[in-house]
Amino acid sequence: MTERRTRGAGPGGRGDRRTSRSARSRPAADHGRAPRRRSEAEKKRAQKLADGGRRSRRADRPERTFLGLSTGRAVILAMVVCGLALTLAVPMRTYFSQRAEAVQLAAERQRLEDDVALLRDRRVQQQDPAYIRAEARDRLRLVLPGETPYIVQVPGIEAPPVAAAPTRSREPDPWYTDLWRSLDRPAPTPEGPR
């Protein structure tokens, strides 16, 4: 028959079993004593000793401040303020330009409403028959049938006629202009039989 071997058992049977896992996981030097833990005070002392050289250099230099903030924080604050200013610049410019445009459009609207009111009054006036008769008499010098028109001319009231501007006599061109024209234009050639 076949032999069945169990885990951890050697060829001779169960006699040579291995030790437990917990015993295997510990290093050989630590068998028998508990690991030593550092206290918090010892950790802080060790950290101070390690950082002693760096901190002493920093302590020698005075920290620079700007408006009560360290330099790094002041730079970050300035960058945030610049970012906000750039972010708000375009909307603010748009807002103010639209406000100016709204004021301009309101003024133009008021002017147009005044023009509309004036034109309505004029339309009402032109539909009045008395106004039409008065305008026909004044502008076109029309009279109703049976009326005799008189035109009174008072001397001196009318504007005197404007005299025509005197014509200036043309001055002769200088000699070099005549010379240039004679060189510029070709001389006429007599046409005859050839």
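1. A residue counts as buried under 20% relative accessible area, as exposed over 50%, and as partly exposed in between. At 45% relative accessibility, R111 therefore counts as partly exposed. This note concerns a predicted model, and the terms above are applied to several residues below.

2. On confidence, the mean pLDDT of the protein chain is 77, with 66% of its residues at 70 or more. Among the elements, helix α3 (residues 71–126) has the highest mean pLDDT, 93, while helix α1 (residues 21–25) has the lowest, 52. Where pLDDT is low, the predicted coordinates should not be read in detail.

3. The protein chain contains five helices and two strands, arranged from the N terminus on as α-α-β-β-α-α-α. Of its 194 residues, 3% count as buried. The chain exposes about 20300 Å², and carbon and sulfur atoms supply 56% of that area.

4. Helix α3 deserves attention for its surface. L88 lies in this helix and belongs to a nonpolar surface patch of about 710 Å², which is made by I76, V80, L84, L88, M92, Y95 and F96.

5. A salt bridge links D115 with R111, their closest N and O atoms being 3.6 Å apart. The two residues stand four apart in helix α3, so about one helical turn separates them. D115, at 33% relative accessibility, counts as partly exposed, as does R111 at 45%. Side chains of opposite charge can pair when their charged atoms come close.

6. Helix α4 (residues 129–140) comprises 12 residues and reaches 16 Å from its first C-alpha to its last, close to the 16 Å expected at 1.5 Å a residue. R141 follows α4 and is placed in the loop between α4 and α5 (175–184). The phi of R141 is near 55 degrees, a positive value in a residue other than glycine. R141 is exposed, with a relative accessible area of 60%.

7. The structure holds six salt bridges. Among them, D173 and R170 meet at 3.5 Å, N to O, and R181 and D173 meet at 2.8 Å, N to O. Salt bridges that share partners join R170, D173 and R181 into one network.

Terms used:
Residues numbered from 1 in each chain as written. Predicted model: local features only at pLDDT ≥ 70, side-chain atom pairs only at ≥ 80, totals over all residues. Heavy atoms only, no water. Expected span 1.5 Å × (residues − 1). pLDDT = per-residue confidence, 0-100. Patch = residues over 30% accessible without salt bridge, like charges linked within 9 Å, V, L, I, M, F, W, Y side chains within 5 Å. Areas by Shrake-Rupley, 256 points an atom, 1.4 Å probe, with all protein chains shown as cover. Salt bridge = Lys/Arg side-chain N within 4 Å of Asp/Glu carboxyl O. Buried < 20%, exposed > 50% of the residue type's maximum accessible area, 1.4 Å probe, protein only.
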